[in-house]
Number of protein chains: 2
Amino acid sequence: MNLTTAEENYLKAIYHLSDGGSKSVSTNDIAGEMKTKPASVSDMLRKLSDKEVIEYRKYYGVHITEEGKKRALQTIRKHRLWEVFLVDKLNFAWDEVHEVAEELEHIQSPLLIQRLDAYLNYPKFDPHGDPIPDEYGDVRARPRVPLNEMDLDQTGQIVAVKDSSAAFLRYLDKVGAYIGARIKVLDRVEFDGSLEILVDNKKNIFMSKDVAGNILVIQS
Amino acid sequence: MNLTTAEENYLKAIYHLSDGGSKSVSTNDIAGEMKTKPASVSDMLRKLSDKEVIEYRKYYGVHITEEGKKRALQTIRKHRLWEVFLVDKLNFAWDEVHEVAEELEHIQSPLLIQRLDAYLNYPKFDPHGDPIPDEYGDVRARPRVPLNEMDLDQTGQIVAVKDSSAAFLRYLDKVGAYIGARIKVLDRVEFDGSLEILVDNKKNIFMSKDVAGNILVIQS
DNA sequence: AAATTAAATTAGATTTAGCTAAAAATATAT
DNA sequence: ATATATTTTTAGCTAAATCTAATTTAATTT
């Protein structure tokens, strides 16, 4: 059974909102994510349910099925491979690629994706640091390293913190080192191990080795 | 005014059927080309006429407007650039690319096409030897050279013959050197200037310098 | 437990792109 | 010039994907 472009987009949204299929997702949340109205979502859920990519109990939200997960991961794979292409080959900035990849991901040609993958040298992560599922939908989660263990000039993305006390989070927020921020290690002071970090390609911040040790990063 | 994917495809068909806008085109011919029914074509012609990309007098066929020509050429440009990408970068065979390019040509991103063009080194012809219009829709027709003037290992496509006598055409037909055939110069005998030619990547043929001089080729 | 609020669904329209069948206009042939 | 054939258009229907407005179901509050 084939999915239309709209169905593919809904399925991807459901996959993301459900954290890869673990949670159940509400109609309203999907409407928010898809920038559409709940009424439209209800219609679409019936269709997706007919095609057996979700399990749908009216008024009780949806669960993605194994088949649905596989389909969603294929779409995500295509999206992320195209993002790598746009950044690595066509010199797009990493924050310019999403919209175009959103269109490219719906091109139907398994051969194209296979060849593109090879051409890009089988990348495992997209320009945002998100993992690229393989042909079979397997995803290898990227190892997380404490920020203070990164090499000089290494780039990465903040994905989590070890110490989640309010004080620490408040500090991070203040300096702009939010979860999801793109960072680069600009300098390391040998004396105390403190770091100079570039955040989102625009803001330089300094932090102690201690602080950096509590920030988890995926490298890219 | 933006065109939908379907409208873009109809406009391209009209452009081709009208020989680049010089002839008027009938509803039936469009239906044939688009593999759809004349009734559907009538509907679409009304839409294209509303958007002022064609001039439409009921029962008397259509003419493409200047604006329509520009739009069609942009779509053709995108199609052919993607074909070059697929062949040059992803190692598709030149006869495998059409369907995929048919989808890729509808991706909406001027920046993407600009970057792709640069990445491919501003190609002037697609893998079938057809010219790629520039950003402004200008097309430079490819120069035709007699086959005997081609260099060793050069590839190209047969586009015309100088001598169109029945005997000559019968000979060409017999050896498989039809108009449109892809050829490659494999060897040249210094003694008499005769050539060994690979046709459509599968058949080796030999021909005298005289014969080759009567075959016009575009190089690729 | 009843009333209120929030969330989700249904009913009924709209738009796009297709279809079939019938009607109308144009072209051709006797 | 009338009849026939061909081409084209219109009318009316379907399916996908949206919308608004109304209704129904579930959750929350008092």
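Mentor: Let's begin with the backbone: a polar backbone atom of Asn28(A) is 2.8 Å from a phosphate oxygen of DNA strand C. That is a polar contact, a pair of N or O atoms within 3.5 Å; within protein, one must be able to donate a hydrogen and the other to accept it, and residues adjacent in sequence count only if both atoms are side-chain atoms. Before we go on, remember that this is a predicted model, where local features need pLDDT of at least 70 and side-chain atom pairs count only at pLDDT 80 or more, while totals for chains, interfaces and linings use all residues. Residues are numbered from 1 along each chain as its sequence is written, chains are lettered from A and ligands numbered from 1 in the order in which they are written, and side-chain values use heavy atoms, with hydrogens and water left out.

Chain B reaches the phosphates with side chains. An N or O atom in the side chain of Ser40(B) is 2.4 Å from a phosphate oxygen of DNA strand C, and a polar side-chain atom of Lys47(B) lies 3.3 Å from one.

Which helices supply it? H2 (27-34) and H3 (38-50) of chain A, with H1 (5-17) and H3 (38-50) of chain B, each supply at least two residues. H3(B) gives the largest share, five residues. Helices (H or I, at least four residues) and strands (E, at least two) are DSSP runs, numbered from the N terminus.

In chain A, Lys51(A) pairs with Glu7(A), with the closest N and O atoms 2.9 Å apart. Lys51(A) sits in the loop between H3 and strand E1 (54-56), and Glu7(A) in H1, 44 residues apart. Glu7(A) is buried at 4% relative accessible area, while Lys51(A) is partly exposed at 22%. Buried means under 20% relative accessible area, exposed over 50%, and partly exposed in between (1.4 Å probe, protein chains only).

In chain B, Lys12(B) and Glu105(B) form a salt bridge at 3.0 Å, N to O. Lys12(B) lies in H1 and Glu105(B) in the loop between H5 (98-104) and H6, so the pair ties together parts 93 residues apart in sequence. Both ends are buried: Lys12(B) at 8% relative accessibility and Glu105(B) at 0%.

Finally, how do the two chains meet? Each gives 20 residues to the contact, which means heavy atoms within 4.5 Å. Between chain A and chain B there are zero salt bridges, but seven residue pairs are in polar contact, both residues at pLDDT 80 or more.

Terms used
A salt bridge is a side-chain nitrogen of Lys or Arg within 4 Å of a carboxyl oxygen of Asp or Glu.
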